[in-house]
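Please open the structure in your viewer and keep the selection tool at hand.

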Amino acid sequence: MKRKVGIMGGSFDPIHIGHLAAANEVLNIYELDEIIFVPTGDPPHKEELRAHAFHRLMMVNMAVLSNDRFSVSDIEIKNPGKSYTLNTLIEFHKIYKNTEFYFITGTDAVIDIPNWHEPEEVLKLCRFIAASRPGISIEEAVEKIKAIRKRFGGNIEILKVPMLQISSTDIRERFRTGTSAKYLLPECVEQYIIKNGLYREI
Ligand code: ATP
Ligand code: MG
């Protein structure tokens with residue numbers, strides 16, 4: 001039988017409970033063996049108030065410590081230049097044989113697939129599971145996914161997960177303004193942010 005491995009890409013700036021809860025739900029429902037979190041590399045022009053790849057990777061590592069089915073890959077961070085999901089999937093297929101990949105996104109991210117590099121090729125290499133996320137209705141997501149499948153083919157499903165209105169943007173804003181972000185992200189990640197003075201106004 002094929003192993004079933006989830007991949008969750010994102011900037012994770014910082015990682016929060018929304019990411020972890022969505023990933024866990026996909027793991028449960030699709031009976032995945034493992035989920036690999038893949039933080040993206042730093043964009044060429046990084047705004048202030050963003051954390052460097054080193055810190056983002058550290059925070060993801062800390063956040064997954066308590067789950068032996070969650071792991072982290074630095075594949076996109078350690079490769080110089082812009083990283084494309086397509087290249088990441090090609091590399092993962094080389095490393096993990098006899099494996100079916102499930103690419104996990106939120107519904108906001110999945111409808112952006114037409115803007116990705118070579119969507120058709122990406123869709124051939126994995127199944128997509130889009131976790132419901134506040135901000136975009138299921139109906140709107142269904143419509144857009146229909147259009148994507150018609151244009152590019154592939155397999156994209158929506159999974160209703162406990163919806164958490166949590167975003168990294170909001171969390172960064174809280175640290176910038178000194179508003180508590182407790183319970184929105186793992187406590188160790190919160191402490192790491194404070195200790196390293198991340199997301200503070202400069
Ligand atoms: P930002 O506000 O900086 O965009 P974010 O909270 O959207 O941060 P990302 O790192 O952009 O986090 O997201 C990585 C992936 O996780 C995306 O596919 C996104 O849709 C998904 N995701 C993020 N937050 C949630 C959430 N609360 N529920 C479900 N999926 C989520
Ligand atoms: Mg986002």
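## First stop: Ile75

Select Ile75 and display its surroundings: apart from neighbours within four places in sequence, Ile75 is in contact with Val38, Thr88, Glu91 and Phe92. Please bear in mind throughout that this is a predicted model. Ile75 belongs to helix H3, which comprises residues 75-78. Is Ile75 buried or exposed? Its relative accessibility is 8%, and Ile75 therefore counts as buried. Now select Val38 as well; the C-alpha atoms of Ile75 and Val38 are 7.2 Å apart, although 37 residues separate the two along the chain.

## Second stop: ligand 1

Select ligand 1 and show the residues around it. There are 20 such residues, and those that come nearest are His16, His19, Asp108, Ser168 and Thr169. By type, the shell consists of five nonpolar, 12 polar and three charged residues. Which elements supply at least two residues each to this shell? They include strand E4 (99-106), helix H5 (107-110) and helix H8 (168-177), together with E1 and H1.

Next, examine individual atoms of the ligand. One oxygen atom of ligand 1 is 2.9 Å from a polar backbone atom of Gly106. An oxygen atom of ligand 1 also lies 2.9 Å from a polar side-chain atom of Arg133. For a nitrogen atom of ligand 1, select Leu164, where a polar backbone atom is 3.0 Å away. Of the 590 Å² of accessible area that ligand 1 has on its own, the protein covers 88%.

Return to His16, one of the residues that come nearest to ligand 1. His16 is situated in the loop between strand E1 (3-10) and helix H1 (17-29). With a relative accessible area of 3%, His16 is buried. A polar atom of the His16 side chain lies 3.0 Å from the backbone nitrogen of Gly18. Beyond its neighbours within four places in sequence, His16 is in contact with Ile166, Ser167, Ser168, Ile171, Leu184, Leu185 and Pro186.

In the loop between E1 and H1, select Pro14 too. The peptide bond that joins Asp13 and Pro14 is cis, with omega at about 5°.

Select H8 and colour its buried residues, which are Ser168, Ile171, Arg172 and Phe175. Why do these residues line one face of the helix? Seen down the axis of H8, the buried residues fall within an arc of 100°, so they line one face. As a general rule, an α-helix has 3.6 residues a turn, so residues three or four places apart point the same way. To see what this face meets, display H1 and H9, against which the buried residues of H8 pack. Just after H8, select Gly178, whose phi is positive at about 75°.

## Last stop: two further positive phi angles

Tyr183 is found in the loop between H8 and helix H9 (187-195). Tyr183 is not a glycine, yet it has a positive phi of about 75°. Is Tyr183 buried or exposed? Its relative accessible area is 72%, and Tyr183 is therefore exposed.

Finally, select Asn98, in the loop between helix H4 (85-95) and E4. Asn98 is not a glycine either, and its phi is positive, at about 50°.

Technical notes: Residues numbered from 1 in each chain as written. Chains lettered and ligands numbered in written order. Predicted model: local features only at pLDDT ≥ 70, side-chain atom pairs only at ≥ 80, totals over all residues. Heavy atoms only, no water. Helix = DSSP H or I, 4+ residues; strand = E, 2+ residues; numbered from the N terminus. Buried < 20%, exposed > 50% of the residue type's maximum accessible area, 1.4 Å probe, protein only. Polar contact = N/O pair within 3.5 Å; in protein donor to acceptor, adjacent residues only side chain to side chain. Contact = heavy atoms within 4.5 Å. Near = heavy atom within 4 Å. Areas by Shrake-Rupley, 256 points an atom, 1.4 Å probe, with all protein chains shown as cover. Nonpolar A, V, L, I, M, F, W, Y, C, P; charged D, E, K, R; others polar. Arc of directions from axis to C-beta.
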